[in-house]
Amino acid sequence: MNRAGDIWFDDQAGPLVRPYAVTGGRTKSDTIGLDLITLVVALRTAADVYDMEPEYLQILRICQHPMSVAEVAAMVDLPLPVVKVLLSDLIEGNLLIFRTAAPVSDRPNKHVLQAVLDGIRKL
């Protein structure tokens, strides 16, 4: 019996389709720059787009609520680079939106540090 009805997975043999075949041989998606903590959420349900590959539909089902890229990769049980390619395809197809974390500046703001120090001294 295969795992959760997946026809691409055999309990004894493992995946019957290699991950790179899922992405058509693509291994990187540099256009969007997704990282582990980038949040993604679906704009449509899997029922709205029935003519897609099963991996895309699975991601759309999972992403009905905001999830990090790392969570999606863990839930679909595919390697992170493969999931990033699939997510990028869905984002470019306007089926997902994403939000990255605010960039961290190289140096802390001197005024904020001074205000914290002044507050500590007043204690």
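**Helix packing in the predicted model**

The axes of α2 and helix α4 (residues 80-92) come within 10 Å and cross at roughly 75°. Angles of 65 to 115 degrees count as roughly perpendicular, so α2 is roughly perpendicular to α4. The structure described here is a predicted model. On the α2 side, the meeting residues are Glu 55, Tyr 56, Ile 59 and Leu 60. On the α4 side, they are Leu 86, Leu 87, Asp 89 and Leu 90. Six residues of this α2 contact with α4 are nonpolar. Two are charged, and no polar residue takes part.

Helix α2 (residues 54-62) also packs against helix α3 (residues 69-76). The angle here is about 125°, and the axes lie 10 Å apart. The arrangement is therefore oblique. The crossing of α2 past α3 is right-handed. From α2, Gln 58, Ile 59 and Ile 62 make the contact. From α3, the partners are Val 72, Met 75 and Val 76. Five of the residues in this contact of α2 with α3 are nonpolar and one is polar. None is charged.

The remaining pair is α3 and α4. These helices pack at about 110°, with axes 9 Å apart. That angle makes α3 roughly perpendicular to α4. Val 69, Val 72, Ala 73 and Val 76 represent α3 in the contact. Leu 80, Val 83, Lys 84 and Leu 87 represent α4. Seven of the contact residues are nonpolar, one is charged and no polar residue is included.

At the start of α5, the side chain of Asn 109 makes an approach to the backbone. One of its oxygens comes to within 2.8 Å of the backbone nitrogen of His 111.

How values were computed. Residues numbered from 1 in each chain as written. Predicted model: local features only at pLDDT ≥ 70, side-chain atom pairs only at ≥ 80, totals over all residues. Heavy atoms only, no water. Axes fitted to C-alpha atoms, helices over the stretch in contact; angles between N-to-C directions. Helix = DSSP H or I, 4+ residues; strand = E, 2+ residues; numbered from the N terminus. Parallel < 35°, antiparallel > 145°, perpendicular 65-115°, else oblique. Left-handed = near helix turned anticlockwise from the far one by under 90°. Contact = heavy atoms within 4.5 Å. Nonpolar A, V, L, I, M, F, W, Y, C, P; charged D, E, K, R; others polar. Polar contact = N/O pair within 3.5 Å; in protein donor to acceptor, adjacent residues only side chain to side chain.
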